[in-house]
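Biologist: I'd like to learn how to read a structure like this one. Can you walk me through it?

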Amino acid sequence: MSSELIARLVTDLRPVRRLHTTTTRTALWLGTALACAVFGVSLLGVRPDLITQLRHWPFVAEQLCLLAVSVLGAYSAFRLGVPAVGKTRMLKLLPLVACGAWIVSIAARAAPAAAPMLPTVFCWRCGCRMASLALVPALVSLVMLRRTVPLAPRWSGCFSLLAASALGMLATQVLCVRDEPLHVLYFHALPVALMAGLGAWAGNRWSSALTRNFRAYQHEAPTPSAPL
Amino acid sequence: MDAGVETLLSELLTRAQAGDRLAYEAFLVQAAELVRVFVRRHARGGESLEDVIQDTLLAIHQYRHTYDPARPARPWILAIAKHRLIDAVRKQRRRSATEVQEEATTAELHARESPAAPCSAGLLAQAWAALSKAQREIIELLKVEGYSVAEIARKTGRSEASVKVTAHRGYKVLRKVLEGAP
């Protein structure tokens with residue numbers, strides 16, 4: 001049976017365009033995502049105190065952590081879809097470490113002991129802004145993932161949406177004047193975490209759809225050979 | 001695997017990416033053997049060896065564009081084989097959970113299949129045409145040619161569970177057409 005399959009696969013052979021390196025793909029994605037973020041921010045208008053905030057190291061540290069989450073998330077998402085190209089444990093760990101650093105940078109600003117645990121004002125606008133700024137980068141990363149192998153689809157999906165939402169939130173923090181730690185934790189960090197969870201779910205669905213197409217290919221009649 | 005074979009494998013796959021069919025055939029034959037050895041070493045017994053090898057070859061075909069010629073081919077092939085094997089193990093576990101239920105239903109259907117009211121040749125032809133190609137093949141081997149499930153599994157390269165499920169679905173289609181006729 002393998003010999004028949006081999007004969008069929010040879011008949012179906014077409015030249016392919018090789019996948020770019022992970023670094024190139026990450027750079028391409030980042031360029032597109034940054035362009036979308038800059039466009040979105042220019043439409044919505046930056047916060048009036050941005051220049052002042054950029055002189056405060058906690059604010060800068062948070063933004064750098066978010067950028068690291070985005071870059072490492074995208075890199076891991078693309079890398080995990082290429083067979084045998086790296087230590088998968090490290091690839092899964094790095095974006096999570098960056099997320100941890102971001103949460104720590106927010107929590108470090110929180111007043112100790114007597115601070116309330118829940119925000120007093122519910123603010124859904126930041127999550128919506130993040131989602132709208134992250135939409136195109138998220139779609140682009142999911143389209144780019146389609147050319148990779150679904151070796152770890154949940155992780156790839158999770159990291160691709162984590163990367164998009166982190167960049168979206170980076171842009172949102174350039175718009176949003178509210179920097180209180182509780183606000184940032186609940187209405188900035190939590191939406192990013194939810195998007196990452198959605199990505200994990202989407203990755204799983206993608207893998208199931210690919211498996212169905214796979215099985216359909218197995219039962220199709222062989223395509224007639226075309227001249228090379 | 002010695003360096004010479006490793007280099008050859010890499011070169012064959014690189015040429016296959018460019019569309020060289022001879023190189024691709026040679027590569028797939030080598031890859032199938034490599035995967036066979038790997039799966040025999042790591043399979044836990046419930047999975048069909050041939051199914052995993054074929055799934056791996058299909059995945060290699062589908063994702064051949066992800067291979068980087070600057071890297072060795074063997075780890076790339078085995079990474080795909082490992083992924084397909086894990087998938088097969090998970091599928092086998094899901095099947096084992098539903099197999100008992102399927103067996104009981106199939107046994108019940110077998111008992112109910114024995115003679116009902118006679119059917120016209122036209123109606124039988126209609127029922128037969130309603131089956132999928134795979135269902136027709138398996139029911140013909142089971143009922144007409146008298147092969148056992150295990151023999152059909154070996155002959156068609158499917159797992160025994162897959163043969164049973166396909167037959168069961170075929171019987172359901174036949175029953176629907178035959179019982180639905182006026």
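**Salt bridges and the interface**

Modeller: Let's start with one residue: Arg15(B) has a relative accessibility of 38%, so Arg15(B) counts as partly exposed. On that scale, buried means under 20% relative accessible area, exposed over 50%, and partly exposed in between (1.4 Å probe, protein chains only). Before we go on, this is a predicted model: local features need pLDDT of at least 70, side-chain atom pairs count only at pLDDT 80 or more, while totals for chains, interfaces and linings use all residues. Residues are numbered from 1 along each chain as its sequence is written, chains are lettered from A and ligands numbered from 1 in the order in which they are written, and side-chain values use heavy atoms, with hydrogens and water left out.

Biologist: Which residue forms a salt bridge with Arg15(B)?

Modeller: A salt bridge here is a side-chain nitrogen of Lys or Arg within 4 Å of a carboxyl oxygen of Asp or Glu. Arg15(B) pairs with Asp20(B), with the closest N and O atoms 3.3 Å apart. Asp20(B) is partly exposed too, at 25%.

Biologist: How many salt bridges are there over all chains?

Modeller: The count is nine. One of them joins Arg84(B) and Asp87(B), 3.3 Å from N to O. They're three residues apart in helix H4 (residues 73-113) of chain B, so about one helical turn separates them. Helices here are DSSP runs (H or I, at least four residues), and strands are too (E, at least two), numbered from the N terminus. Arg84(B) is buried at 6%, and Asp87(B) is buried at 19%.

Biologist: Are Asp179(A) and Arg47(A) buried or exposed?

Modeller: Both are buried, and their salt bridge has its closest N and O atoms 2.6 Å apart. The pair links distant parts of the chain, 132 residues apart: Asp179(A) is in the loop between H7 and H8 of chain A, and Arg47(A) is in the loop between helix H2 (22-44) and helix H3 (50-53). Asp49(A) joins these two in a network of salt bridges.

Biologist: How do I read the area buried between chain A and chain B?

Modeller: The size of an interface is often given as the accessible area lost when the parts come together. Buried area is that loss (1.4 Å probe), summed over both parts. Here we get about 3,300 Å², with carbon and sulfur atoms giving 64%. Between the two chains the salt-bridge count is zero. As for contact (heavy atoms within 4.5 Å), 35 residues of chain A touch 41 residues of chain B.

Note on methods: Buried area = accessible area lost by both parts, 1.4 Å probe.
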